[in-house]
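Subject: Structure handover

Hello,

Here is the structure you are taking over. My notes on what was found in it follow below.

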Amino acid sequence: MSNQKNIAETVAAMLLEVEAVQVRPDQPFRWSSGWYSPIYCDGRLTLSFPKVRKFIKSEFIQLIKKEYPTVEAIAGVATAGIPQGAMIADELELPFLYVRSKAKGHGKENLVEGKLTKGQKVVVIEDVLSTGGSSIKAVEALREAGVEVLGIVAMFTYGFDVMEQNMADADLKFNTLSNYTTLVVEFSHRHDLSEKIMASLHEWRRDPAKWQPREIDA
């Protein structure tokens with residue numbers, strides 16, 4: 001499958017089919033940042049479904065071959081990027097690394113695990129991009145270790161302006177298989193959503209930091 005729009009739609013549909021995405025505008029989730037969110041995407045659930053897992057792995061690989069043909073190693077961001085990253089590295093017959101959220105408190109106290117080679121060209125695998133903060137921290141750790149990060153590839157992005165700005169500030173290229181807008185459209189195909197709910201979903205996407213839950217008639 002080569003058409004990016006079709007890929008985005010297929011991945012969004014798969015996320016909904018395996019219930020990796022929940023939409024609750026009337027009972028929103030609360031993120032660790034304190035933001036309220038009417039939607040939550042847990043890409044790790046896709047690993048439990050072989051057909052979905054295989055499709056996503058295949059599309060990751062095609063995207064990497066197209067956008068990052070000089071890649072020499074794959075790195076996963078702990079924890080969600082590790083399993084997909086390992087499968088991708090195995091298929092591409094490339095070295096695999098992973099980056100911890102924080103350094104170990106014992107032993108070598110490593111932040112980056114795996115065999116590093118100075119100047120090695122690395123693509124970072126993530127499942128979901130929100131603000132991009134954790135991904136950028138992983139990239140910074142890899143850069144400090146002396147490798148060249150070509151970019152980040154993720155399964156899904158909420159598409160926040162702040163994420164795109166953070167990536168630009170970090171001089172970091174990124175690509176995703178699917179995105180929030182496509183997901184909302186796919187969700188609307190499966191559910192009879194009121195105009196108020198659709199408006200609320202789009203309002204959150206435009207300004208998640210200021211969005212507040214409110215009573216919405218379905």
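R143 sits in helix α4. Please keep in mind that the model is a predicted one. Is R143 buried, partly exposed or exposed? Its relative accessible area is 32%, and partly exposed covers the range between under 20% for buried and over 50% for exposed, so R143 counts as partly exposed. Leaving aside residues up to four places away in sequence, R143 touches V149, A170, D171 and L172. E93 is 50 residues from R143 along the chain, and 22 Å separates the C-alpha atoms of the two.

Helix α4 also matters for the next item, the largest pocket. This pocket has a volume of about 780 Å³. Its lining is made up of 32 residues, and those nearest the centre are E126, D127, V128, S130 and S134. Which element gives the most to the lining of the largest pocket? That is α4, with 7 residues. At least two lining residues come from each of β4, β8 (121-129) and α4 (133-144). By class, the lining of the pocket divides into 14 nonpolar, 11 polar and 7 charged residues.

Searching the whole structure for cavities of 30 Å³ or more turns up 1. The largest cavity holds about 30 Å³ of space. Its lining consists of V23, I39, L183, V184, F187 and L201. With 3 residues, α6 gives the most to this lining. The classes here are 6 nonpolar, no polar and no charged residues.

L201, one of the residues lining the cavity, is also one of the buried residues of helix α7. Helix α7 runs over residues 195-206, which makes 12 residues. From its first C-alpha to its last it reaches 17 Å, close to the 16 Å expected at 1.5 Å a residue. Which residues of α7 are buried? They are I197, S200, L201 and W204. Seen down the helix axis, these buried residues fall within an arc of 100°, so they line one face of α7. In general, an α-helix has 3.6 residues a turn, so residues three or four places apart point the same way. On the other side of α7, E195 and R206 are exposed. The buried residues of α7 pack against β1 (21-23), β3 (36-37), β4 (39-41) and α6 (180-190).

Regards

Definitions and conventions:
Residues are numbered from 1 along each chain as its sequence is written. This is a predicted model: local features need pLDDT of at least 70, side-chain atom pairs count only at pLDDT 80 or more; totals for chains, interfaces and linings use all residues. Side-chain values use heavy atoms; hydrogens and water are left out. Helices (H or I, at least four residues) and strands (E, at least two) are DSSP runs, numbered from the N terminus. The expected span of a helix is 1.5 Å times one less than its number of residues. Buried means under 20% relative accessible area, exposed over 50%, partly exposed in between (1.4 Å probe, protein chains only). The arc is that of the directions from the helix axis to the C-beta atoms. Contact means heavy atoms within 4.5 Å. On a 1 Å grid over the protein atoms alone, a cavity is a set of points where a 1.4 Å probe fits but cannot get out, and a pocket is an open set with protein on both sides within 12 Å along at least five of seven lines; lining residues have an atom within 4 Å of a point. Grid points are joined across faces, edges and corners, and a volume is the space filled by probe spheres set on the points. Ala, Val, Leu, Ile, Met, Phe, Trp, Tyr, Cys and Pro count as nonpolar, Asp, Glu, Lys and Arg as charged, and the others, Gly among them, as polar.
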